[in-house]
Amino acid sequence: MGSQSLVICTADAEQLTIAGSGAWTADNAARLEACIDDARPNDASRLEVDMGEVEEFDTYGAWILERLMRGDGRPRQVSLVRLPEKFHDLVEDVRRTNRTAPTPSRRIAWPLARLADIGRGVELAAAEALRLAAMVGALAVLFGGALVAPRRFRSTSIVHHLDRVGVRSVPIIVLITLLIGAIIAQQGFFHFRQFGADDYVVDLVGILTLREIGVLIVSIMVAGRSGSSYTAELGSMKMREEIDALRTMGRNPLEVLVLPRIIALVVALPLLTLIGAIAALVGGGIVASIYGGMEPSLYVARLREAVSISDFEVGMIKAPFMALVIGLVACTEGFRVSGSAESLGARTTSSVVKAIFLVIVLDGIFAMFFSSMGM
Amino acid sequence: MKDAGAPKAIEVADLVVGFGRKSVLDHLSLDVRTGEILGLVGASGSGKSVLLRTMLGLTRKRQGRITIFGVDRDKATLQELQALERRWGVLYQQGALFSSLTVFQNIEFPIREYLRAPQRLMREIANAKLEMVGLKPDDGDKLPSELSGGMTKRVALARALALDPAIVFLDEPTSGLDPIAAREFGVLIRTLQRTLGLTVFMVTHEIEALRTICDRIAALAEGRIVAIGSMSQVLESEDPWVKSYFRGVRSAPTSAPSPP
């Protein structure tokens with residue numbers, strides 16, 4: 001099949017004859033095109049195409065024939081002979097296609113295009129900030145309204161999401177924070193031992209986990225675990241017009257979908273932070289007793305001296321704000337999903353990246369705030 | 001009309017498909033002849049789509065044999081299966097266009113995968129297919145999310161036909177198209193069938209499509225083919241479901257009166 005000849009070209013002084021044969025089908029299309037190009041049909045003043053010996057024929061063959069007949073637009077004599085009756089309709093159909101070229105998209109010169117990109121980026125960033133602010137405003141109004149009419153809180157939904165983002169993330173949060181606490185303690189012992197400052201490892205673990213690491217690690221975990229799932233859920237609901245359906249039923253999607261999710265997150269994150277902090281302290285204690293040779297009772301006693309209630313407060317105050325930021329970013333990104341699967345992926349990624357970035361920025365702002373407050 | 005002795009494109013014998021304890025297709029047998037357009041009708045939930053998906057190898061069967069162009073999926077080698085998949089095109093009910101590719105890229109995808117065709121030829125063929133299903137070249141650079149329901153269906157049809165397959169499976173092809181577009185679609189299928197010897201297996205709900213497009217009709221009820229044959233043969237069936245489904249047609253004249 002591969003070596004079967006598709007065209008026989010005979011040229012004399014005034015006429016080029018292209019006689020087709022065999023299978024003018026998709027599988028041979030590339031070879032057929034090359035054979036015909038070799039004959040340089042556009043240079044001939046008269047062209048005759050003989051289709052009498054073509055046995056198989058499909059759209060590919062029909063298009064290549066049509067292209068041959070059209071030539072390059074110069075006037076010349078072209079004739080098509082012995083086209084089998086059964087191929088007529090297909091040739092007619094194909095003849096109607098590829099008449100108009102698609103309108104080319106406008107291209108801008110390189111430096112201008114870059115400038116346009118920068119401008120678009122600034123616009124996007126501004127729009128992003130505006131969207132977040134609008135979401136905060138809309139949710140504040142809804143929350144206020146729900147305080148007046150508590151039925152609008154949708155307790156079933158809140159409890160469902162509390163279970164998903166809270167209860168179900170306990171195991172992984174405990175595991176991660178336990179390991180982080182253990183690693184900090186191990187590093188502490190390894191380095192502090194050189195100065196004989198073993199005891200201060202407990203201060204290190206206690207203050208670090210309660211003030212910073214506990215809430216930060218938990219927030220990052222929650223942004224990756226729950227923020228992404230919020231974005232994906234809302235995004236796929238948007239893709240399948242479920243959100244439009246809610247709206248046309250006279251329900252506000254923010255009230256039905258977003259408010260319960262964010263409330264659940266704001267309740268769950270401080271609790272997870274507490275659990276995470278405990279786990280980190282336990283992790284530190286395990287390393288202290290195994291690796292540092294410190295009695296557990298001594299570890300606890302030392303811990304009571306080292307940390308104050310304000311360390312704990314600093315960590316816990318931050319948690320609900322972190323939750324709010326994660327929830328807001330996740331839900332706004334979810335609503336920005338457009339039709340394609342690709343955009344769902346892009347929005348989910350951007351939700352997690354943005355949430356983690358904002359969590360860390362917020363943590364920095366809090367650090368400055370608390371140190372100026374003397375906490 | 002094709003005679004009964006025509007070679008078989010698809011042979012389904014004694015097929016049983018079920019989920020859990022329930023069996024959806026119960027010892028079903030069906031033959032599709034080469035070069036015919038067979039329309040499958042059945043109530044919602046009667047297993048039409050399950051039958052289609054089982055033929056395509058997407059759903060597992062419990063028992064029975066499916067042979068398409070002499071290739072039995074259970075016994076075929078990987079190469080034989082690939083060769084078979086090269087020769088069929090599928091139009092899914094929701095279009096199933098790749099949402100991250102443009103319309104042109106969607107149509108070019110099977111061409112790019114199976115043929116070594118130059119980019120220019122590929123684009124021209126894709127454009128020809130696009131225009132053959134009634135869209136404009138300007139639509140080619142759109143993304144699937146920018147298309148209307150009817151346009152999605154047409155693009156999906158263009159993609160199913162991209163490789164000029166020998167057989168196409170159409171799942172509810174005319175739903176979502178307006179009557180004029182549905183008729184045009186029927187004419188298109190007819191043209192392709194004449195020139196390519198195309199075999200068409202289509203699942204449909206629309207009596208209009210059955211009457212104008214299909215050579216034969218098979219009715220699926222209670223997991224079995226209860227009636228098969230030309231429109232007039234199926235109309236004579238005594239099966240209660242078939243009777244109620246075609247009630248309107250039976251009372252009306254079988255073919256529209258020709259204008260004077």
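## Domains of chain A

In this predicted model, chain A is assigned two domains, domain 1 (7-95) and domain 2 (125-373); such bounds come from an automatic or database domain assignment. Taken over C-alpha atoms, the centres of domain 1 and domain 2 of chain A are 69 Å apart.

Residues are numbered from 1 along each chain as its sequence is written, while chains are lettered from A and ligands numbered from 1 in the order in which they are written. Local features need pLDDT of at least 70 and side-chain atom pairs count only at pLDDT 80 or more, whereas totals for chains, interfaces and linings use all residues.

## Contact between chains A and B

On the chain B side, 27 residues are in contact with 29 residues of chain A (contact: C-beta atoms, placed from the backbone, within 7 Å). Helices α4 (119-132) and α6 (179-196) of chain B each supply at least two residues of this side, and α4(B) gives the largest share, 8 residues. Helices here are DSSP runs of H or I, at least four residues, and strands are runs of E, at least two, numbered from the N terminus.

By class, the side of chain B that touches chain A has 12 nonpolar, 7 polar and 8 charged residues. Ala, Val, Leu, Ile, Met, Phe, Trp, Tyr, Cys and Pro count as nonpolar, Asp, Glu, Lys and Arg as charged, and the others, Gly among them, as polar.

## Sheet in chain B

Chain B has an open sheet of 4 strands in the order β2-β1-β4-β5, with antiparallel pairing (pairing: at least two DSSP bridges between two strands). Its edge strands are β2 (22-33) and β5 (71-72) of chain B, each pairing on one side only.

Strand β4 (residues 63-68) of chain B pairs with β5(B) in the antiparallel sense over 2 bridges. Asp72(B), in β5(B), is the bridge partner of Thr67(B).

Key:
Contact = placed C-beta atoms within 7 Å.
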